[in-house]
Amino acid sequence: MEEVNVTVTINGKKRSAKVEPRMLLTHFIRDSLSLTGTHIGCDTSQCGSCSVMVDGHVVKSCTLLAVQVDGSEIITVEGLGTVQNLHPMQKAFWEEHGLQCGYCTPGVMMAAIGLLQENLEPSDEEIREGLEGVICRCTGYQFIVSAVKHAAALMAEEKQVVGEGR
Amino acid sequence: MAGKVGARIKRKEDPRLLTGNGYFSDDIQLPGMLHAAILRSPHAHALIKSINIEKALEAPGVVAIYTGKDLEGKIGRIPSSWLIPGSNLKEAPQYPLAIDRVRYVGDGVVLVIAEDRYGVRDVLDLIEVDYEFLPVSVRQKEAMQENAPLVHDDIENNIAFHWKAGEVPDEEIEEAEVVVRESFNVQRVAPSPIETRAAIGQYNPGNGELTLWCTSQNPHIHRMVLSEVLDISEAKLRVIAPDIGGGFGGKIGVYPDEALIGYAARDLKQPVKWIEERNEHFSAANHGRDEIIDVELAGTRDGKLTAIRVKNTANMGAYLSTFGPGVPTIDFGLMITGAYDIPKAACETFGVYTNTTSTDAYRGAGKPESTYQIERMIDLFAREIGMDPVELRRKNFAKKEDFPFTNAQGLVYDSGDYEKPLNKALEILDYKKLREEQEALRNEGKLVGIGFSTYVELCGFGPSAVAGAIGFQGGVWENATIRVHPSGKVTVFSGTSPHGQGHNTTFSQVVSDKLGIPLEDIEFVFSDTKAVSMGWGTYGSRSVAVGGGAISIAADRIIEKAKKIAAHELETSVEDIEFEDGVFKISGVPGMERKFVDIAKSANYAWNLPEGVEPALEAQAFFDPENFVYPFGTHIVVAEVDKDTGQIELKRYIAVDDVGRVINPLTSEGQVHGGIAQGVGQAMWEGIVYSDQGQLLSGSFMDYTMPKARFFPTIETAFTETLSPVNQLGAKGIGETGTTASIAAVMNAVVDALQPYGVTDVEMPLTPEKIWNIIQTGGENDDTI
Ligand code: FES
Ligand code: FES
């Protein structure tokens, strides 16, 4: 199949790769750009493990082709924070034990950031509703809810701009 | 440093996982790596007449194509590892690819290796397989009938095994004052870790070493089994489980696919990667449960239970999986009396072959089913004699003073105090008040129910001699090595294999308290058969009880040796040395001391060691516990049924668990939440559905209801602590208690809510349609699907 060039700004860096037009964004991120923090959990766009930010919106990267995001700005989990300087969402997930196996976690955090973009003071119920697009098999969600709530508080405190990669 | 055990400590493993620095199977990239895909049977039962790979061989990037025939004699059969003695067990041979006949939708037919991940999928479409359909057996009770189509021609009535334990003569049932009977269908579910299965093989032709990364909960079992299947020395087969995105039993099994990838990598002398797709996972990975359980419970009118007789007809799928046969027999059948002192018990289990994918252990493995039946039966019995279900439970509990308590099937429960968590849970609930409210709400036409599950669970596998006696093909002891580096930092090697539980943190807490060193100074190595000499992995809630026990003993050995060195340096006798909080001191002599780091250095430098003491500071322990451990507790659910829609709302969920010593309340609560979510999932939403033709109707997350965040209320958790005498830590398992307890609690609550309609049982899962129908027909339609 003839390959085409796709260029994106990902976590603040300009990156290009030649890909088949049918390549999913999620494989582009993982295999072409070697950013493996974004995961794949299904083949029907239900699990949300692959969620990333594209031009400021949370999307499931398995629902887009790489060619569709040519020229876009993407933020993945690698662009949130580092071990030394965690993003409030990461910090909150750590402090509230919002993860077990950690497989769904990058996607869940992205979805949660999307949620907080819309509503910085969500109730438990709003968080649970807002996480409709993700599936976690390990945690039973309770500590994910606590983590998102905690993250909202941290963000308000730190005046962290939601969803802006570092 | 002391006081780490019992503290709410956030996990050491998290910063890595939170920043995208995890290392899962699909993250592995090797130079020259090829990609594998498996063409699977779309039919439940058929003869393979011919396979045409001509077009496929011409596709761009194709490297190799293997059929079952090609591999005959080259890869051994995939064995089951739990061969139940005295059950006339007939193990049908399972080959890595079907040779002339497919036996379930998802059965592997052709293995394709190609250069590119997408390209290899294209090739599957170019392969033509000519099938001749055969009649199918899908449901276990039908499959056992005379004239049912046979899954394996030489296995009569499709019966894989027939197992019995305990004896209850007819008169015990017939002549009892009260007998309740019920039949339960514990439907088939999919463990569904969010990471599917994967395998990556790499062969070194220079030294003949094969490395296999795979999504395994027990890499050493994989090594043991696959070394035989692939005919390679265990010393040349290295199995590594990298980060694993959840297991829940689904990654215990040694699968044909892993053998195929190992074989192909060796054959082609090039790395090969296989990543399972979700639909493939639904059809080809092991499922859980699928048992039809018929129960008779006898007792007196004043509420003393006297006998229980249970028959379990279990759907094993087309082949016996790694642990499959143990689940509806040992795990289930020896626990049918639950937390109760019922003097007589008998269980009879049929394991049945069908044209479906295999079943194996799924979170709780047999115990959720045994708990479900006994806890439902207790409620039915209570209703029959007009007694409060809590009172009936108390009346029949194994009493605190009877521990260690031997149940009617001969298992010895290590420790227990069943009233304790029950009382605590009732207090949290405010039971009396709630019953009054329930009455009032009923009068207003609202359907509210309260459901209990006062469970006990068998876990912490376990004594190896017992494992041998029950047909388990391996040991279940654990192995730990603690290596103290010259700097005083420590590496611990454990034979357990975590996949989300947080062993690195909980085990570090144990080591930190023992050796008096900070958590940051302790690193762990798991899940690599080349680094960890042996071990039996993580399942059956065994890691803390057995693996933690081994670590604890190894730490004692370190201290013992270090004390000798300290005594020598301080010119005193070993008996005078006290070790506390990382410091070796002479009792009563202030100032005379050596720190743990000092001894680490002197042991490793070995300039001046006492006589007979070898250099270095390293200790290994193999721990084979003398018994299983038996966590217990009380879960209570308050549920409301919406009359108009059949929707169920869980108003409250209270979980009071007693798992012995709680090492880390934070991760323990996490385990409880996750376990509950899976049990509630089974009760309310999940279900694998095969059509009568054996077609898988629930083959994706679009058809299989995975619980989501909005499905749950906030779970109220608490612990009581009744220590276990079986290991040094006093700890029991916690990974499966939630699942074990929750199914019955939910079901009891919903049946209680529907009591005004005279409903005594509802089949799982509790879909609104089912409930709505019950309400519409005034209860006459219960037990409908
Ligand atoms: S992988 Fe994208 S939603 Fe599951
Ligand atoms: S933490 Fe394992 S799936 Fe969410």
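## Close-up views of chain B and its contact with chain A

**Figure 1. Seven salt bridges are counted between chain B and chain A.** The view is taken from a predicted model. In one of these salt bridges, the side chain of B:D122 meets that of A:R22, with an N to O distance of 2.7 Å. Polar contacts between chain B and chain A amount to 27 residue pairs, counted where both residues have pLDDT of 80 or more. On the side of chain B that touches chain A, the elements giving two or more residues are α1 (14-18), α4 (117-124), α9 (278-284) and α19 (665-684) of chain B. Among these, α19(B) provides the largest share, nine residues. By residue class, this side of chain B divides into 23 nonpolar, 18 polar and 16 charged residues.

**Figure 2. Chain B and chain A bury about 4,600 Å² between them.** Carbon and sulfur atoms account for 57% of that buried area. Three residues, B:L18, B:Y118 and B:I194, supply 17% of the area that chain B buries against chain A, which is more than any other three residues contribute. In terms of contacts, 57 residues of chain B meet 52 residues of chain A.

**Figure 3. Residues 19-135 of chain B carry a domain annotation from UniProt.** The unreviewed UniProt entry names this feature "domain: Aldehyde oxidase/xanthine dehydrogenase a/b hammerhead". Over residues 19-135 of chain B, the model assigns 15% helix and 30% strand.

**Figure 4. Helix α18 of chain B spans residues 596-605 and contains several buried residues.** The buried positions in α18 of chain B include B:F596, B:I599, B:A600, B:S602 and B:A603. An α-helix has 3.6 residues a turn, so residues three or four places apart point the same way. After α18(B) comes B:A606, a residue with a positive phi, near 60°.

**Figure 5. B:E146 lies in a loop of chain B.** The loop that holds B:E146 runs between α5 (140-143) and β7 (159-165) of chain B. Is B:E146 buried or exposed? B:E146 is classed as exposed because its relative accessible area is 59%, and the cut-off for exposed is over 50%.

Key. Residues are numbered from 1 along each chain as its sequence is written. Chains are lettered from A and ligands numbered from 1 in the order in which they are written. This is a predicted model: local features need pLDDT of at least 70, side-chain atom pairs count only at pLDDT 80 or more; totals for chains, interfaces and linings use all residues. Side-chain values use heavy atoms; hydrogens and water are left out. Contact means heavy atoms within 4.5 Å. Buried area is the accessible area (1.4 Å probe) that two parts lose on being put together, summed over both. A salt bridge is a side-chain nitrogen of Lys or Arg within 4 Å of a carboxyl oxygen of Asp or Glu. A polar contact is a pair of N or O atoms within 3.5 Å; within protein, one must be able to donate a hydrogen and the other to accept it, and residues adjacent in sequence count only if both atoms are side-chain atoms. Helices (H or I, at least four residues) and strands (E, at least two) are DSSP runs, numbered from the N terminus. Ala, Val, Leu, Ile, Met, Phe, Trp, Tyr, Cys and Pro count as nonpolar, Asp, Glu, Lys and Arg as charged, and the others, Gly among them, as polar. UniProt positions are given in the numbering used here, feature names are shortened, and annotations may be inferred rather than shown by experiment. Buried means under 20% relative accessible area, exposed over 50%, partly exposed in between (1.4 Å probe, protein chains only).
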